[in-house]
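This report describes the architecture of one protein model and the surroundings of its ligand. The sequence and the structure are shown first, and the description follows.

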Amino acid sequence: FMHKEIYEQPQVIGDTLNTMFNPVSRTFSLPDLPFALSGIDRVTIIACGTSYYAGMVAKYWIEQLARVSVEVDIASEFRYRAPAMPKGGLALFISQSGETADTLAALRYCQAQGQHIISLVNVPESTMARESEVALQTVAGPEIGVASTKAFTTQLTALACLSLVLARARGAIDHATEERLSKVLIEVPARVAEVLAHDERLREIAEDIMDARDVLYLGRGTSYPIALEGALKLKEISYIHAEGYAAGEMKHGPIALIDETVPVIVIAPSDELYDKTASNVQEVVARGGRVIFLSDEKGVARLGARAVSLVLPNVDPFVAPILYAIPVQLLAYHVAVAKGTDVDQPRNLAKSVTV
Ligand code: F1P
């Protein structure tokens, strides 16, 4: 199922975009809300696992585009913190299943705190959808593989649309920028299809990783949550110990782990953060680390021959996290297949964690 679900992404991302795209204005909109987005000045995003990483990406988008303060938290901790929440904030819950126990408990807590509740789920009849003021939907179709793939990229897609809508409602974005970014989003399914064409190359790279005991993933900006997601995917299905770090955090500890046995997967699209990430790569290489560098043509050319590289399509930095999610999914998939693990039903994991 996992490989099939990875390949469905151009279609389901397109379907998700279509539910929110207005072809007349060529921008995105949400269903009618019972409250004004223009009055929202605080957003709390809560989720677990892969859905939490989607929330982390949304934090960058919403803060940059809509200039609203965003807090992201894992539901499994949030519910034990009794967080202080000024009334009238927006609480956004992200869940593939819409049934995850910790996320649901956090939703009910936020309701009691007088927050506006939006959920983003893949199952429209789920408990979270029913208990929210507004239920937004990813149109991923049923996801059978336990490791989330198409649910994640459709969550990101819907969150990118939501960020643009929130930015417009708050007057934080001009029309030309909104139209440009909307166009970039609409083109994502075509770009995803191009990324999928690198499947065979990722299978080759996976052969280099399959015997590793530990793998590190590094990224900066919106590539940081993708590094976390890459590490989670690898752990979940191949049982290799993997950690994702913010690239700038390397020198605060993880660099001590670097030697020739530890593959370091770097997610580095050409954006304004590229140079800083490239300098982290030099630090890894200088310590004998084995770098696998995911970037575009310009980024790979600038790095030179210091790493095993994958050349992905040139994309606007806004949508890069959606596109760069695909190679980390495929890499984990091929490592798991090479190791002979059950990719669709990894040991100890449940699709929906309801207790
Ligand atoms: C959250 C989640 C998934 C993960 C696994 C366990 O589920 O952590 O991301 O792949 O299946 O649960 P959900 O709240 O998004 O349904």
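## The sheet β9-β8-β10-β11-β12

In this predicted model, five strands build an open sheet with the order β9-β8-β10-β11-β12, and their pairing is parallel. Strands count as paired if DSSP finds at least two bridges between them. Helices (H or I, at least four residues) and strands (E, at least two) are DSSP runs, numbered from the N terminus. At the edges are β9 (241-246) and β12 (308-312), each of which pairs on one side only. From one strand to the next, the twist averages 20°; axes are lines fitted to C-alpha atoms, for helices over the stretch in contact, and angles run from 0 to 180 degrees between N-to-C directions.

Strand β8 (residues 214-219) runs parallel to β9 and is joined to it by six bridges. Within β9, H241 stands opposite D214. Helix α11 (residues 223-238) lies across β8, β9 and β10 (263-267), and runs at about 175° to β9. Helix α12 (residues 274-286) also packs on the sheet, where it touches β8, β10 and β11 (290-296). The direction of α12 makes about 160° with that of β11.

## The sheet β4-β3-β5-β6-β7

Another open sheet of five strands has the order β4-β3-β5-β6-β7, again with parallel pairing. Because β4 (69-74) and β7 (134-137) stand at the edges with a single partner strand each, one side of each is left without a neighbour in the sheet. The twist from one strand to the next averages 20°.

Strands β5 (residues 90-95) and β6 (residues 116-121) run parallel and are joined by six bridges. F93 has S119 as its bridge partner in β6. Helix α3 packs on this sheet and touches β3 (42-47), β4 and β5; the direction of α3 makes about 165° with that of β3.

## Ligand surroundings

The ligand is surrounded by 16 residues, of which G49, T50, S95, S97 and T100 are the closest.

By class, the shell holds five nonpolar, ten polar and one charged residues. Ala, Val, Leu, Ile, Met, Phe, Trp, Tyr, Cys and Pro count as nonpolar, Asp, Glu, Lys and Arg as charged, and the others, Gly among them, as polar.

## Domains and their contact

The protein is divided into domain 1 (2-186) and domain 2 (197-339), with bounds from an automatic or database domain assignment. The C-alpha centres of the two domains lie 26 Å apart. In total, 20 residues of domain 1 are in contact with 19 residues of domain 2, a contact being two residues whose C-beta atoms, placed from the backbone, lie within 7 Å.

On the side of domain 1 that touches domain 2, the elements giving two or more residues are α1 (2-7), α3, α7 (150-169) and α8 (175-186). Helix α3 gives the most, with six residues. The residues of this side divide into 13 nonpolar, seven polar and no charged.

## Confidence and conventions

The mean pLDDT of the protein is 94, and 100% of its residues reach 70 or more; pLDDT is the predictor's confidence in each residue, from 0 to 100. The predictor gives the complex an ipTM of 0.96 and a pTM of 0.97.

Residues are numbered from 1 along each chain as its sequence is written. As the model is predicted, local features need pLDDT of at least 70 and side-chain atom pairs count only at pLDDT 80 or more, whereas totals for chains, interfaces and linings use all residues.

How values were computed
Near = placed C-beta within 6 Å.
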